[in-house]
Each structure stands twice: as C-alpha cells, then as structure tokens.
Amino acid sequence: MIRLSHVTKLYGTVIGVNDVTVELGAGAHGLLGPNGAGKTTFIGLVTGQLRPSMGRVEVFGAPPFGNDRVLRRLGFCPASDITERRATALEWVRYLVRLSGFTAADAAARAERTLEQVGLDEAARRPLGTLSKGMRQRAKLAGAIAHEPDLLVLDEPFDGLDPVARHDLVGLVRTWARSRSLLVASHLLHEVEALHADLAVILGGRLVASGSPGEIRHLIDALPTEIRVTCDDPRRLARQLAGDSACVGIRLEGEQGVVIATRAPETIAALVATAAEEGLAVSALVPADRSLEGLFARLVGLHRGVAP
Amino acid sequence: MTGLRATLAAARAVAGFQLARLCTPARLGLAALGMLFPAVVLLAIRRSTTGPLERSFGAVVLYALVPEAVCMLGLLMTMCPAVADELERGTWVHVATRPGGRRALVLGTFIAAVTWTTAVGLGAVLLAVLAGGMTDPWGLIAMFAALVVLSCVGRAALFALPAVVLPSRALVASVGVAVVVEYLAGFLPAVINQATVSLRLRSLLVHWMGWRQRMPPQLRLIVDPQPVWVQCAAVVVLAIVFLTVAIMILERRQFPPSEEG
C-alpha cells in the first residue's frame, strides 16, 4: 500500500526524512516519533503534498504527488486545527467532498451522513468557531472520510483533546480501521497502541524500527532497562550495586537520585529492598525510561548498534 | 466524476466557498466604498462645472476610475491571496491532498475574484454614470460593463501568477506586475504591449467612443486598430494562458510544513 525506497526529503539544508525505506501493507499503522522527528514530512510525502528529494514514494503502486488517481483514494486529516470559523461543520465537510470531485447533491448527502457517523449531526449546522476542539476534530475527521477513501492518514489526531473526546475519537478511528487502511502519526505511544496498529518509529528523520507492537517490545526488551531510585544516600546505594552482575551501568542524578541500567530489573529491585532493610531511606523506585523519549533513545541505541 | 468535469465541479465549490469568505462586514464595506468612490468623484467634478459632464471627458474619468482603479484594487484583494490565504488559514493541506485540488483552487479563486470584482465594478459604473449625468447613459453603462468584465477576466488571470509564484509576497508582486506589465509595457509602442490587457481595454474604449480618427498620430501608437472581436478574443486568450501557467506552477509547488498555518 505504502512503499518508500531510500527516500530523503531536504528543505534546503535541513533534513526532513533521511534515507527511509519502509513498506506498509494494508491495515492500521502508527507512525511514532517525538516532535520534530520527521513525521509530518513523512505524511506530506505519502499524501502527495511533498516530492522526495531522493528516492521513490509509492502509494497504491504510484507516486502520490500530483497523481489524482492516488489522491482520490486518500483521506487526510492534518494536525492543524480548522481555522475556518464562520463556515458550519456541514458546509466545511460538503466543501471538502466537492473538492474531491463529487456533485453538490452527492456531497451534501455524504457530508450529512458522515457527520452523523462521527456524532456531529446535531452540531452540523453550527459555525465551526462555536464548536469545541473535540467537535472540530470530529468535523475534520468527517471531512477526511466522507468521500470514502481506501487509506485514511491522520496527523496527531488526538492533540489537545480532553480524555473523553480522545476516547471517543479513538473509538471512531478504530471502527474505521476495521474495514479500511489507516496511517496515524503520533508522538504518544499509548494512542497508537489503542488503535491496535503496527508501528513505525521515526527519529531525526530516520526510521529506527518498524513492526508489530509485540516485535517492537521484543526489540526493546533485548536492551537494558533503566531504573531510577530516589533515596537519602544515592552514593552508598551506587557503591552497593556497582559490584553486582545485574547492574550494567550506573549514574548519579541530582542530590537523591541514582539511575541503574539493567537486564534484570527484578534483581535490582530486590537489591534495593535489601539496602532499604539495612537502613537506606528509599522514597521511589521507578523505570526511568517509560516515557516515549526513553523508548526512542533505546531504539536509537539499537539502530546504531550501541546500548543506551 | 472524473477529469475536466470533476475539476470544474471542484472549482465551482472553491468559488462558492471563497465568495462566502468574502462576505464579511469589512469586505462588504470596502466593496460599497469601491462602488461609491467613482460616483463621488464624478459628482464632485460635475458640481465644479455647469450642466452635465461632457461625454468624452466623463468616459475618460470613468475609464481611469473603474476598469483601471476599482477593478485593479478589487482583484488585488481577491485574487492575490489565492494561495497565501490557504497557507495562512492552514487549509492548503486540505486542497493539496484532493484530486485536482490545486487546479480547482486557481480556477475557483479566479471565478470568485472575477464575480466579486465585476459586481463591484458594475455597481460603480451604474452609480457613476448616473451621478455624472452624461448623455446616452445606457450606452455608456453597456460599454463600461463590457470593459469591466474584460478587465476583471484578464487581470484576475494575470494576478494568478504572482499569487502562485510568490504567495507570501503576492500583493507586492502583483502591484509590481500591474505597474511593469500593465502600465509600462502596456504603453510601449512595441510588440510587447500586445500581451497586455490594458492595450485591449484602451483600444476598445477608443473604438467604442469613436476617438481614433480624432487622435493625434503619436497617440494612435498606443491603441490597437484591430476589430472589437480581436480585442475581446485577445483578453480571453491571455487569461487562458496566464491561468494555465499559474496552474502548472502550483501543481509543482511544495510548501514545507513550516510555511503553513
């Protein structure tokens, strides 16, 4: 469905994506990466907004840039909020459907139907400026799916939404992904995981990992985990742990923190518990790299052939 | 729908949407000002003279005020921001990812700009002719209506070029194009002026007012003696060429994410 072969996109001297080769088949895919990783450039290449500086992009077997046949099968929901404030949700969606080449009558019927599908039927005739962010996101989604594309591309669809709106939108997108293909760009792992999507992880314009969530987890598990311990005497704890084979690396962090890299977190937890029994005041023991940045750092380490 | 029909349907949608965007109190106020301004000028001139305005003089003033000034300003406001507005509003991505969206944007904005500015121009002509109290007012109105339509069609297409080449500086670039192409090249007694809308409009005015025989030989160099249909066809051909080039440029343009929103 989507194939990128050695694709590089340059903006002058700035690299958007760097030598990316990936093939994404039909189904749901998550494009994961921190802000500035190159996700929007990747999406821009796939949705025909941008042309690669080097390499080849194919969507449905053809380059998407300037290709009406490909664009007709694409639905795109950008990260930016709808800035049209005076138009109603119905007018906006109808406009987008008509832009896809449908007649006015057909576009009106599709717009009404899709707004109902996304739960905006009652607010359809209200100006977009009077809708909540969550409602505008739904209107944006309606605009992207009303022409029934084969592939829906969403760029940061859940940004700025409250938990309820986020939950509702995840449900809508999941329903969509049951019958058609989906590519979601996000910097939040749990959002992509909630969509049961395969993952492609991008960082610094490079694709650092791709596969099912299980495969990605397997990759991660092969690397040492970092555990952060907060206690009253981190130097003492560091001395105690340094000699143990379970401890791959150790560093002090601030006045009360010590970060331990290990392949056996249970052993480290037991050692810390022993130290606590011996009088060390331990106030916290948490995985240090649960954040997405931690995950990315470890995947980059794997990509470069070095442990973090 | 596919191909040309789909593009035209999409262009109609863009035109409708752009016209709806133009219907703000500020824009409507400017349009009203554009309609009233020539009438006020002619009324002021009329008050400073005795009796109704002399027809030829009135026609010259009206030509300078409406097909030139009002239409030009109206098109600068409606056609120039064709792409810049989409980038600024963050709606460019919606247009660029639709089949034929880029073509539809140029054509649709062109239709909206011509419709809006023609309406303002026709209103201005009607009010100004009535305010001037010139003889054969309906003949003048018909003549200037044709000039307004041709001015809008030709110049909206001309301004489509800076709109797609330099979206972020489209207004400045369009003023430059208007000065250099329309008012500099257009008045050069050389082949280059054949490719300007101003030559065609001026020639039509001279033809319809029957001024050619009375013109000094030097001034005849800046009007084209060919028949009316040639002048009209030339404007249409120029518009088609300008729009085609603008579409070809926009179809190849890329805007990095940082230029949007």
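Predicted model: local features only at pLDDT ≥ 70, side-chain atom pairs only at ≥ 80, totals over all residues.
Chain A has an open sheet of six strands, and reading across it gives the order 5-6-7-3-8-9, with mixed pairing. Strand 5 (74-77) and strand 9 (206-211) of chain A stand at the edges; each has just a single partner strand, so one side of each goes without a neighbour in the sheet. On average, neighbouring strands here are turned by 15 degrees against each other, ignoring direction.

Another helix packs on this sheet too: helix 5 of chain A, residues 133-145, which touches strand 5 and strand 6 (151-155) of chain A. The direction of helix 5 of chain A makes about 165 degrees with that of strand 5 of chain A.

Back among the strands, strand 3 (residues 28-32) and strand 7 (residues 181-186) of chain A run parallel and are joined by five bridges. Within this pair, A:L31 of chain A sits opposite A:A185, a residue of strand 7.

Now for the meeting of the two chains. On the chain B side, 35 residues are in contact with 33 residues of chain A. Put together, chain B and chain A bury about 3,000 Å², and 56% of that is on carbon and sulfur atoms. Three residues stand out here: B:F17, B:R98 and B:P99 supply 24% of the area that chain B buries against chain A, more than any other three residues.

The interface of chain B and chain A also holds three salt bridges. In a salt bridge between A:D68 and B:R103, the side chains come to 2.5 Å, N to O. As for polar contacts, 13 residue pairs make them across the interface of chain B and chain A, counting pairs with both residues at pLDDT 80 or more.

Which helices does chain B bring to this contact? Helix 1 (3-22), helix 5 (92-96), helix 6 (101-132) and helix 11 (228-252) of chain B each supply at least two residues of the side that touches chain A. Helix 1 of chain B gives the largest share, with nine residues. Sorted by class, the side of chain B that touches chain A comes out as 17 nonpolar, eight polar and 10 charged residues.

Key:
Residues numbered from 1 in each chain as written. Chains lettered and ligands numbered in written order. Heavy atoms only, no water. Pairing = 2+ DSSP bridges. Helix = DSSP H or I, 4+ residues; strand = E, 2+ residues; numbered from the N terminus. Axes fitted to C-alpha atoms, helices over the stretch in contact; angles between N-to-C directions. Contact = heavy atoms within 4.5 Å. Buried area = accessible area lost by both parts, 1.4 Å probe. Salt bridge = Lys/Arg side-chain N within 4 Å of Asp/Glu carboxyl O. Polar contact = N/O pair within 3.5 Å; in protein donor to acceptor, adjacent residues only side chain to side chain. Nonpolar A, V, L, I, M, F, W, Y, C, P; charged D, E, K, R; others polar.
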